[in-house]
Amino acid sequence: MIEGKTIEQWKEEFPLIGQMTEYEEVLWTNDKATEAENVLDKLQLSESDVLEAEARLKRFAPYIAYVFTETTDNAGIIESPLTETSEMKSALETLYKEPVSGDLYVKEDNRLAISGSIKARGGIYEVLKRAEDLAAEAGMITEEDDYKKFASDEFNDFFSQYSIVCGSTGNLGLSIGIMSAELGFNVTIHMSDDARAWKKEMLRAKGVNVVEHSDDYSKAVEQGRNESMHDPKSYFVDDENSHTLFLGYAVAAVRLKAQLQDENITVDREHPLNVYLPCGVGGGPGGIAFGLKVIFGDNVRCYFAEPTHSPCMLLGMMTGRHDNLSVQEFGMDNKTAADGLAVGRASGFVGNLLEKLIAGIYTVSDENLFKLLAVIYDSEQIKLEPSASAGLIGPAVVPDTGDNTTHIAWSTGGDMVPDEVWQEYYETGKNLL
Ligand SMILES: *Cc1c(COP(=O)(O)O)cnc(C)c1O
């Protein structure tokens, strides 16, 4: 029995579960989706929370530009390019033998500075907020100060009394680890032992304490949480429940709005925007989708993309049971090459917040993730990790919204992948094509 029902009863009530447990690719459209204006003002987070997060990142920009010189050109604002990918659109049409209407863009979070993935949004933001909170409490900083102070020995010494802890399958650990170490925090990242070796090595090289667990990711997170709770100087980044992390991601929407304006891309009733977001526990895609709904309302449709072996958000959203259900209870193995998306139980916070706002969720096989990874390199010379290619197939699988549609596939990671590892991904994809 799972939550009072047998698997057969679940499948009867939600026939898609039958296909999901066979690891078939599926599309679910959200029949609970409701006009944004009737939903947004009843939620626990609002536009002003997003703008506050954006303002905090602006305060930190001079510091970021100073300590991470790769961000100097962008004045310390960590943001990714929006790239038109018409070659990829043609390649997608060839691959799926389906015409795709509208224009295809890729939002290249694979190129985000500092940690090369979408986690450079939420993860870095949460560490910065923690640092600001501590420094403000100690009377060391006010919002009017020059935040380059955060790079001083005085601040580094101060933060060295504190620790930051998180559990991660990889990329969150990289973002939290790199940012925390730079500020002077003690930082411990709990990882499952099947996390990519190069991610662990990179973290250790930066002075991060990496603890490996032979159990799965959720156990790793649990241990981190427990240890941290018993120590007031320790701060646990909780990727299932953190509003801070979520708001760091949501800032992407404000930035995207400006990029769309710069490109003269109209988004209105007649010119819909469809956004495809790879989803693991849900914070990244959820935060971005929330920000986009706040800004574009019903003119944007947000779809989440999950691996066929880890469709946790789909299971939670479709049933409305959110984090009460895990893919493992339904016999799915949660094993996928898309390590950033290998999550068996979705965030209940994100699921509840967005259950009336997302347009749908689809799943992608690992085979197709690798194919897409090869195809986008051949067509656009964009290098992704497997998790990051899940959004690309979106325009070929969701309901057609016509020739005026702008499709944005969010490519969520890739830049930190060592060349020889990426080459293997690419060859895997090529061999499948
Ligand atoms: C973490 C991650 C995601 C998804 O973010 P969640 O907050 O876990 O849903 C997508 N792509 C990549 C590359 C990631 O690392």
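Among the elements around the largest cavity, α12 gives the most to the lining, with three residues. Helices here are DSSP runs (H or I, at least four residues) and strands are runs of E (at least two), numbered from the N terminus. Both α8 (171-183) and α12 (283-296) supply at least two residues each to the lining of the largest cavity.

The model is predicted: local features need pLDDT of at least 70, side-chain atom pairs count only at pLDDT 80 or more, and totals for chains, interfaces and linings use all residues. Residues are numbered from 1 along each chain as its sequence is written, and side-chain values use heavy atoms, with hydrogens and water left out.

Rolling a probe the size of a water molecule over the atoms shows where empty space is left. On a 1 Å grid over the protein atoms alone, a cavity is a set of points where a 1.4 Å probe fits but cannot get out, while a pocket is an open set with protein on both sides within 12 Å along at least five of seven lines; lining residues have an atom within 4 Å of a point. Grid points are joined across faces, edges and corners, and a volume is the space filled by probe spheres set on the points.

The structure holds three cavities of 30 Å³ or more. The largest cavity contains about 290 Å³ of space. It is lined by 25 residues, and Ile 118, Lys 119, Gly 280, Val 281 and Gly 340 are the closest to its centre. By class, this lining has nine nonpolar, 13 polar and three charged residues, where Ala, Val, Leu, Ile, Met, Phe, Trp, Tyr, Cys and Pro count as nonpolar, Asp, Glu, Lys and Arg as charged, and the others, Gly among them, as polar. Domain 1 (7-43 + 74-114 + 250-432) and domain 2 (117-243) each give at least three residues to the lining of the largest cavity; the domain bounds come from an automatic or database domain assignment.

The second largest cavity has a volume of about 120 Å³. Of its 13 lining residues, Leu 57, Ile 77, Ile 78, Ala 120 and Arg 255 lie nearest its centre. Two or more residues come from each of α4 (47-67), α6 (119-137) and α11 (243-262). Nine of the lining residues are nonpolar, two polar and two charged.

The second largest pocket has a volume of about 200 Å³. Strand β9 (residues 300-307) gives the most to its lining, with three residues. The lining includes Val 300, Arg 301 and Cys 302.
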